[in-house]
Amino acid sequence: MTAPARYYDGVTAQVTDAIAKWGIGELLIYRPDDFAIVARWRLEDIVVLGDTEHEAIPAISVAGSDARLIVVDPELRAELARVAYLSALTAPKPAAARRVMKLGAALVVLVAAFWGIVDYGSEYAAPLVPYRLQAKLGREVRGELTTGRTLCTGAGGLAAINGLANRLARTGELSHPVQVTVVKGGPVNAFTLPGGYLVFYSQLIDEAKDGEEVAGVLAHEIGHAVHGHPMKGMTRQFGVNLLLNLLTGGYSELGTLGSGGGLLLALRNGRAFEREADATGIRLLEKRGLRADGMSRFFGELMKHEPSDPALSLGIWSDHPPTAERIAATKRPPSGQPDFTDQEWKALRAVCKD
Ligand SMILES: [Zn+2]
């Protein structure tokens, strides 16, 4: 059987039979016989060599290397080309054939791929946004949002909330760990940032009646992370400029955007995202056999005192406070294991007292 692809390492004359598959933000190239990985190419470094003069099939290469991958199998080629970034792989031969797409042009195509993700919400392409970039952006935004605020450092409380957050994230098959930061004080709110960074305000923990209510909000936020909502929101708000800054490693504009409330606006989730996060949060809790009655109860409490502060209408509030419909849709009986042990809940309550 012919291998789906041929890999040339660019150093020796050796040709390796290969298969290629998308990983998180990278292309994995491995041998079909023993699945040994022969190369991992970062998405943002991949270039399509568009010269079809000598090759019927355009080769894929990676910046800073002479390695080549020739995808012989049309099905695999189509699969790889589903990422807009590599669409040239299956594009009909242009009349005036482009010679070689250099990195600069490839970046523009990558931006187009990001827009594709945002505009069409492609479930397939969303995980391809390089995690490294998402995490860097998430940390930047967290820095902006928490400037001048006290971060709570209670080790037991942070371990409790981070432990549950990561168990839920794994159940949701999130490919990377999440990190919860607790900011001292109000408002009663929480955010999820790109790269799996969550921000909780301690007033939310103080006003919750029990651990299940905090866990309900936490599960909802993990739902946002699982669906990649924060990255989609940031892209909508900041568009191509931010992405270009991201790709070139510059963040000078982020502070300026943040000061105008832009960051908060970017983190606002629409109704569809909220429903999706609610449903996923409940599913993750139930899948782990945990109590899932806290979310609806907490939303019910929130609805009783609607916010007047516009800052409150973001984050868990989104652009609308929880509606009766959302409260009804997430209502669950108090069955299952407790979300936090008594000891964990006690520690979480005291997370800002250290
Ligand atoms: Zn939300």
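# Exercises on a predicted structure

The four donor atoms around the zinc ion subtend angles of 51 to 132 degrees, which makes their arrangement irregular. Donors are N, O and S atoms within 2.8 Å of the metal (3.2 Å for Na, K and Ca); water is not among the atoms, so sites may look incomplete. Four donors count as tetrahedral if all angles lie between 85 and 135 degrees; four count as square planar and six as octahedral if opposite donors are over 155 degrees apart and all others between 65 and 115; anything else is irregular.

The model is predicted: local features need pLDDT of at least 70, and side-chain atom pairs count only at pLDDT 80 or more, while totals for chains, interfaces and linings use all residues. Residues are numbered from 1 along each chain as its sequence is written, and side-chain values use heavy atoms, with hydrogens and water left out.

## Exercise 1: the zinc site

Task: State which atoms coordinate the zinc ion and where H220 and E274 lie.

Solution.
1. The coordinating atoms are NE2 of H220, NE2 of H224 and two OE atoms of E274, at 2.1 to 2.8 Å.
2. Along the chain, these donors follow the spacing H-x3-H-x49-E.
3. H220 belongs to helix α6 and E274 to helix α10, so the pair ties together parts that are 54 residues apart in sequence. Helices (H or I, at least four residues) and strands (E, at least two) are DSSP runs, numbered from the N terminus.
4. H220 and E274 are both buried. Buried means under 20% relative accessible area, exposed over 50%, and partly exposed in between (1.4 Å probe, protein chains only).

## Exercise 2: the disulfide

Task: Find which cysteines form a disulfide and determine whether it is right-handed or left-handed.

Solution.
1. A disulfide is a pair of cysteine sulfur atoms within 2.5 Å. The structure holds one.
2. The partners are C152 and C352, with sulfur atoms 1.9 Å apart.
3. The torsion about their S-S bond is about 80 degrees, so the disulfide is right-handed.
4. The pair links distant parts of the chain, 200 residues apart: C152 sits in the loop between α3 (131-146) and α4 (155-171), and C352 in the segment after α13 (342-349).
5. C152 and C352 are both buried.

## Exercise 3: the nonpolar cores

Task: Identify which residues of the largest nonpolar core touch the most other members, and which element gives the most to this core.

Solution.
1. A nonpolar core is a set of buried Ala, Val, Leu, Ile, Met, Phe, Trp, Tyr and Cys residues joined through side-chain atoms within 4.5 Å.
2. The largest one has 40 residues, of which F200, L204, V214, L218, I222, F340 and L348 touch the most other members.
3. Elements that each supply at least two residues of this core include α4, β8 (179-183), β10 (197-201) and α6 (211-226).
4. α6 gives the most to this core, with seven residues.
5. Apart from this core lies another, of 16 residues, among them A20, I29, A39 and A67.
6. Leaving aside neighbours within four places in sequence, F200 is in contact with residues including I161, V180, V214, V217 and L218. Contact means heavy atoms within 4.5 Å.
7. A165 is found in helix α4 and is buried, with a relative accessible area of 0%. Beyond its neighbours within four places in sequence, A165 is in contact with V178, V180, L218 and I222.

## Exercise 4: S61 and D210

Task: List which polar contacts the side chain of S61 makes, and which backbone nitrogens the side chain of D210 reaches.

Solution.
1. A polar contact is a pair of N or O atoms within 3.5 Å; within protein, one must be able to donate a hydrogen and the other to accept it, and residues adjacent in sequence count only if both atoms are side-chain atoms.
2. S61 is in strand β6 (residues 59-62) and counts as buried, at 2% relative accessibility.
3. A polar atom of the S61 side chain lies 2.8 Å from the backbone oxygen of A67, and a polar contact of 3.2 Å joins the side chains of S61 and R68.
4. D210 is in the loop between α5 (202-207) and α6. Its side chain reaches the backbone nitrogen of E212 at 3.2 Å and that of E213 at 3.0 Å.

## Exercise 5: backbone exceptions

Task: Say whether the peptide bond from G186 to P187 is cis or trans, and whether the phi of E173 is positive or negative.

Solution.
1. Most residues other than glycine have a negative phi, and most peptide bonds are trans.
2. The bond from G186 to P187 is cis, with omega near 0 degrees. P187 is in the loop between β8 and β9 (190-193).
3. E173 is not a glycine, yet has a positive phi of about 60 degrees. E173 lies in the loop between α4 and β8 and is exposed, with a relative accessible area of 68%.
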